[in-house]
Amino acid sequence: MAAQAGEKAQKTGVFHCAKCGEKVSVKEGHKIPKCPNGHTEFGSRTDEPGNR
Ligand SMILES: [Zn+2]
């Protein structure tokens, strides 16, 4: 599921930048920040809690 910076995260997890692969962790209900390199598009989410 793709996501954009500024959207609310529907689940807690680590979002992977679609452009550079940088990872940003966001909690459920919080806004997704920009990637540290300034990108706003995230391609996938991983590392959801309780998923190990
Ligand atoms: Zn990026």
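Tutor: Let's start with a term: a nonpolar core is a set of buried Ala, Val, Leu, Ile, Met, Phe, Trp, Tyr and Cys residues joined through C-beta atoms within 7 Å. Keep in mind that this is a predicted model. The largest such core has seven residues: Ala-3, Phe-15, Cys-17, Val-24, Val-26, Cys-35 and Phe-42. Strand 2 and strand 3 are the elements that give two or more residues to this core.

Four strands make an open sheet, in the order 1-4-2-3, with antiparallel pairing. Strand 1 (3–4) and strand 3 (23–26) sit at the edges with a single partner strand each, so one side of each has no neighbour in the sheet. Zooming in on strand 2 (residues 13–17), you'll find four bridges joining this strand to strand 3, the two running antiparallel. Within that pairing, Gly-13 is opposite Val-26, and Val-26 is one of the core residues.

Cys-35 is another core member. Setting aside neighbours within four places in sequence, Cys-35 contacts Cys-17, Cys-20, Glu-22 and Val-24; of these partners, Cys-17 and Val-24 also belong to the core.

Next, follow the chain into the loop between strand 3 and strand 4 (41–46), where Glu-28 is placed. Glu-28 counts as exposed because 12 other C-beta atoms lie within 10 Å, and the cut-off for exposed is 12 or fewer. Still, Glu-28 has contacts: Ala-9, Gln-10, Lys-11 and Thr-12, leaving out residues up to four places away in sequence.

Definitions and conventions:
Residues numbered from 1 in each chain as written. Predicted model: local features only at pLDDT ≥ 70, side-chain atom pairs only at ≥ 80, totals over all residues. Pairing = 2+ DSSP bridges. Buried ≥ 20, exposed ≤ 12 C-beta atoms within 10 Å, placed from the backbone. Contact = placed C-beta atoms within 7 Å.
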